[in-house]
Amino acid sequence: MKKSLWQKDIDKNKYKILNKNVSTDVLIIGGGITGLTTAYNLIGNNHSVVILEADRFLCGATCKSTGKLTYLQDLKYQDIYNVYDFNTAKLYYEAQKDAIKLVKKIIKENNIHCDFSRSDSITYTTKKEEIPKFDKERKMLDKLGVKYYTTYTTTDFKNDDIKDLIMVKNTYVFNPVKYLKGILDVLKKHNNFELYEKSRVCKIKKEADYYIAYANDCEIKTKKIVVSCHYPFFTIPGFIPFKTYIEKSYINATEVSKTKSYNAITSNYPVISFRYHKDNDNCYFIYLNNSSKLCDKLNYKRNYDECLNAAKLITGKTPNYVWTNMDVMTNDFIPLIGKVSDDEKNVFIATGYNTWGMTNGTIAGKILADLVNCKKNKYINVFNPSRNINAKNIKNLISNTLFSNVKAYTFNLIKKNPTWYKNKARVIKSNGKRVGIYIDNEKNNHVVSNICPHLKCFLTFNEVDKTWDCPCHGSRFDIDGNVIKGPSCYNIKIDEPKI
Ligand SMILES: Cc1cc2nc3c(=O)[nH]c(=O)nc-3n(C[C@H](O)[C@H](O)[C@H](O)COP(=O)(O)OP(=O)(O)OC[C@H]3O[C@@H](n4cnc5c(N)ncnc54)[C@H](O)[C@@H]3O)c2cc1C
């Protein structure tokens, strides 16, 4: 898979791979911003903690984000208000502010060099019909007591194109890989923390008063489990696939001569989001476009080329990095953080950050650590994953979650071999089963099952990364059928292909 700009700073040191049974007080599954912040908040509590990462550390969604830390998140506060009420929107706002404070504290306490810098945040629109929404968001910000501005002077915008904007100060950007690496370095110093990578958890079994989790054919006995793997690999409990949908985007980073201290996002689809970044040697313009639901835009090569060309148009240069990222979206605009279900008191999840995971993953790290420690936290109710679906978000659930899955499933059912990858890969029926075949440059066939083990969606071939991708829930597999990204935790290898 294509690496992000941040992943050039990846830790060359490898971590241990789990190869023995272990016993621990707390098991954290997944080493992104959520898992590592949870672990950080457990320091000093005398728990033994095991962190299992399926891939290498610093390879997940966090390390492919645009690294903005902001409480101005498109037009989020009215979205939440429309589903719930002002108090809920206020708690969400306070959680974002607390998260930014916590990141600042972690950076300061541990002297983490992660290019953390102030960057004004802007939400803007190029569509006249969006103006009433901006008026409404301003009213929300007034009630929240947020100081905002309605103009911004920069040569990046053609002023005529911008129909409305909101800008706030005291927001930040950072390099998420350097930040997580800083936290990993802190955790490594504590003997009661054990970190393993290339250790994908594929099952959890409940025993009397403890759990057994399974990874690499080893057992992990634990009292409490934090499932911070972006998208839980199990469906029950929690029913996450029925409460969420996935959005993906293409991002590029191009070297430019200087940086600017603001970041921006459009309020309307297709989303455009950008920021600047300066590290030791270079300045970059980071630009995200082509954002869509996972079930849309399945021609990955075209999306990639469009992203590349968009950067060339703006900067006049070929980007140095182009990569893709996905995030889990909720239908009521609020993440799912807390006890996985009312019956499971010691299994906690965090997902559904709606593309704002730097703040939400951070606050999740605090909430989950408090839950592990049986401490109170004022955000437990607002993020409760078992909250009821109300009449106002049922419409979103039907149009986003249900429709997305049906669309993705039907597309691949009807259009087994779309023109754009027919010469490289194809899907056929063999002995009544759907198999995917990729033909490499040496004319070798790589044959795999075409059905995702997670929830049985049909897989689409991704010509850019040479992977088989699930258009329903985002699992990804290499051409030989090894799972490289969940929620699936199983491969799609076929023992004896008959083609
Ligand atoms: C295009 C794009 C841009 C974004 N930009 C921003 C931004 O600027 N600011 C912002 O706030 N948010 C942004 N986000 C959102 C943000 O990237 C995510 O919400 C956040 O990174 C999720 O963090 P996480 O810890 O849940 O997941 P991850 O960072 O993905 O961590 C989860 C880890 O769990 C591991 N794992 C998975 N399954 C298992 C298993 N079974 N066993 C063990 N380990 C497992 C994975 O390998 C992974 O390393 C963006 C999202 C997208 C799509």
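Visitor: Where is P237 found?

Guide: P237 is in the loop between strand 12 (218–227) and strand 13 (244–256). Bear in mind that this is a predicted model.

Visitor: What kind of peptide bond joins I236 and P237?

Guide: A cis one. Omega is about 0 degrees.

Visitor: And what about the bond from G486 to P487?

Guide: That peptide bond is cis too, with omega near 15 degrees. P487 sits in the segment after strand 26 (483–485).

Visitor: What is phi near at D115?

Guide: Near 55 degrees, a positive value in a residue other than glycine. D115 is in the loop between helix 3 and strand 5 (117–118).

Visitor: And C374? Where does that one come?

Guide: C374 follows helix 7, and its phi is positive, near 55 degrees.

Visitor: How many residues of helix 7 are buried?

Guide: 15 of its 16. Helix 7 covers residues 357–372 and is mostly covered.

Visitor: Let's do helix packing. How do the axes of helix 3 and helix 5 cross?

Guide: The axes of helix 3 (residues 86–110) and helix 5 (residues 176–188) come within 11 Å. They cross at roughly 55 degrees. That makes helix 3 oblique to helix 5.

Visitor: Left-handed or right-handed?

Guide: Helix 3 passes helix 5 in a left-handed crossing.

Visitor: Which residues make the contact?

Guide: From helix 3, V103, I106, I107 and N110. From helix 5, Y179, I183 and V186.

Visitor: What classes are those residues?

Guide: The contact of helix 3 with helix 5 has 6 nonpolar residues and 1 polar. No charged residues take part.

Visitor: New topic: K169. Where is its place?

Guide: K169 is in the loop between strand 7 (164–168) and strand 8 (172–173). At 35% relative accessibility, K169 counts as partly exposed.

Visitor: Which residues is K169 in contact with?

Guide: Y71, D120 and Y149, leaving aside neighbours within four places in sequence.

Visitor: How far apart are K169 and Y71?

Guide: 98 residues in sequence. In space, 9.8 Å, C-alpha to C-alpha.

Visitor: What share of the chain's contacts is between residues 24 or more positions apart?

Guide: 71% of the contacts with a separation of 6 or more.

Visitor: Now zoom out. How many helices and strands?

Guide: The chain has 9 helices and 26 strands. Its radius of gyration is 22 Å, close to the 23 Å that the globule rule gives for 499 residues, so the chain is as compact as a globular protein of that length.

Visitor: What box do the C-alpha atoms fill?

Guide: Roughly 65 × 55 × 50 Å, taken along the principal axes.

Visitor: Last one. What percentage of the residues is buried?

Guide: Buried residues make up 58% of the 499 in the chain.

Terms used:
Residues are numbered from 1 along each chain as its sequence is written. This is a predicted model: local features need pLDDT of at least 70, side-chain atom pairs count only at pLDDT 80 or more; totals for chains, interfaces and linings use all residues. Side-chain values use heavy atoms; hydrogens and water are left out. Axes are lines fitted to C-alpha atoms, for helices over the stretch in contact, and angles run from 0 to 180 degrees between N-to-C directions. Helices (H or I, at least four residues) and strands (E, at least two) are DSSP runs, numbered from the N terminus. Angles under 35 degrees count as roughly parallel, over 145 as roughly antiparallel, 65 to 115 as roughly perpendicular and the rest as oblique. A crossing is left-handed if the near helix is turned anticlockwise from the far one by less than a right angle, and right-handed if clockwise. Contact means heavy atoms within 4.5 Å. Ala, Val, Leu, Ile, Met, Phe, Trp, Tyr, Cys and Pro count as nonpolar, Asp, Glu, Lys and Arg as charged, and the others, Gly among them, as polar. The radius of gyration is taken over C-alpha atoms; the globule rule is 2.2 Å times the number of residues to the power 0.38. Buried means under 20% relative accessible area, exposed over 50%, partly exposed in between (1.4 Å probe, protein chains only).
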